[in-house]
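Dear colleague,

Please find below the structure that I wished to pass on to you. My findings follow it.

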Amino acid sequence: MPVPPLNRREFVKKSAVTGAAVAVAGTAAAPAAEAAGRKPDKAPRTWSFSVLGTTDLHSHVFDWDYYRDAAYSDGKGNSVGVARVATLVEQQRAAKGEDRVLLVDAGDIIQGTSLAYYFARVDPITGADGEKGPRHPMAVAMNHMRYDAAALGNHEFNYGIEVLRRFERQCHFPLLGANALDATTLRPAFPPYTVKKIRVPGAPDIKVGILGLTNPGIALWDKDNVSGRMVFPGLVEQARKYVPRLRALGCDVVFLTDHSGLDGSTSYGDALPYVENASNLVAEQVPGIDAILVGHTHVEVPSYTVRNEQTGEDVLLSEPYCWGYRLTVFDFELELRHGQWKVTGKKAQTLDPAKVEEDPEIVRLLTADHELVVKYVNTAVGTCTQDLSAADSCWKDVPIMDFIHEVQTKAVAAGLSAADAALPLISVAAPFSRTADIPEGSVTIKDIAGLYIYDNTLYGKKLTGAQLRDYLEYAARYYHQVPSGTAVDTATLTNANSFWDYMYDTAAGVSYDIDIARPEGSRIRNLTYGGAAVSDDQVFVVAVNNYRANGGSGYPHIASADIAYSSTNEIRQLMIDYVTAKGELNPADFAAANWKLTQDGTAVF
């Protein structure tokens, strides 16, 4: 159930001076005191305001699933899209006052749905053939909602800097990135912060400094788009630089919007010297911060407190899930002391937009764009001879995954030099979506997009046999250890070590077993190529997506491996082109069960 709109009188009650209503300039309290022959009370004035926060919207405008071509449903009652969130925002403004509410986002705005892809590649916002491009639907929606600022997310860079810059120009609010620096000058490539003013009648404005920090992993994940152009130092390092600057500018409240989780973890190992999910470390190590809006990890954290190790002050953090599932509300109370505002109280919660209606103006503004995308994703590209499901793809070698491997292998093979073409060629890929399904009969763009949900491009990299074994052993960390004789429950088998589905690579072109009864590091058994055991010094070309090739998820050897092939063509589009060219998707052309799970050598499935 959504939290009901706050009663404005209840919200601002604490903004009154203790006792009488002398907190608001223009009240009769002071004149009444003078008429009674006494001086007005000198009780300090107080005020309150809120910062509302979203994160990881991933171009969800409406409550719609483009892959299913239906209203979104996840079995948990969640809704998606900023159209519903906008209604909650207006409720908050109505309850608290327009001048007491700021709206901020923590990044990952322009990638993640077919709508995002359409306006980046099909009808790009950058324009094509000399024609001016359309406005990005997320810019239209967020401008209507009157966002005050947004942090850059790592996925903002997926379509290249030109698309991001065009989106930035279309926004009526700044995209902040204090740790997104020009590679040559090391100066900020985007505004590091913005300062907003909360007007207080008869008293000084409350100055709110909003500092934006993005994720250092961009240097790996979007290396092809940013290398030589931008660098991304750590969040703690840049916060230490800019938080004191905001305080020196007279900010009464310092608020951070971080595209970085709050558990101190890193998915890319030691490939970078900076922590991926560092918001808790920023709160702990950098003094002078009041609150942090957290993003990147797609979890709901309504309220979380970290004590700063230098000052002992509490820093308030909140992460509102993703996709518009939730809206964070930070409420601040302040007191005017000696002419300066001081934070005296703060709290955070998340609100659920599922039960409110979509904002009618966003519906009016963007329904036509939405319908264009629906028409695009329903475009038929061929047929399929049988239903291909990904439901078992995380523990079985299934044909739908072999479809990805087939496309990757053929694309890399076509682009290899004569010398590299003589090497054995294999493919690695992850099961991005367990709900993906390509139906028997007509195959549409949405069917393929639902299987390959990311905008990855393709590489061919060289690994030795020993390195390939290390790579597959790393992937096998995905499984919990299940001793021989113990029944295997697929509900609890996977995602060990916080190793999520998108991180787990299977391989095609080699055969191998994964013995889940054995400890991590010694699970890959019977690794063969062409029926012969793989030798340590044997050299392979490995077809792999750019995210993994550049170090994503921390796989060993691959980031530093020699490049045999690279392309800017997206793997998903290559898959669409494959079906279009053949006219028919037939697993008989590519399906091969070359890996399996075992327990002490006995097949599990």
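Which backbone nitrogen does a side-chain oxygen of Asp359 reach at the start of α11? It is that of Glu361, and the two atoms lie within 2.9 Å. Please note that this is a predicted model.

Helix α11 itself covers residues 360–377, 18 residues in total. From its first C-alpha to its last it reaches 25 Å, close to the 26 Å expected at 1.5 Å a residue.

Turning to the strands, an open sheet of five has the order β26-β25-β24-β30-β31, with mixed pairing. Its edge strands, β26 (532–533) and β31 (602–603), each pair on one side only. Within the sheet, β24 (residues 511–515) and β30 (residues 595–599) run parallel and are joined by four bridges. Asp515 stands opposite Thr598 of β30. Helix α15 (residues 465–475) lies across β24 and β25 (524–529), and runs at about 135° to β25.

Finally, His338 is found in the loop between β15 (327–337) and β16 (340–351). Its relative accessible area is 87%, which is over the 50% cut-off, so His338 counts as exposed. The C-alpha atoms of His338 and Ser560 are 58 Å apart, and the two residues are separated by 222 residues along the chain.

With kind regards

Notes
Residues numbered from 1 in each chain as written. Predicted model: local features only at pLDDT ≥ 70, side-chain atom pairs only at ≥ 80, totals over all residues. Heavy atoms only, no water. Expected span 1.5 Å × (residues − 1). Polar contact = N/O pair within 3.5 Å; in protein donor to acceptor, adjacent residues only side chain to side chain. Pairing = 2+ DSSP bridges. Contact = heavy atoms within 4.5 Å. Axes fitted to C-alpha atoms, helices over the stretch in contact; angles between N-to-C directions. Buried < 20%, exposed > 50% of the residue type's maximum accessible area, 1.4 Å probe, protein only.
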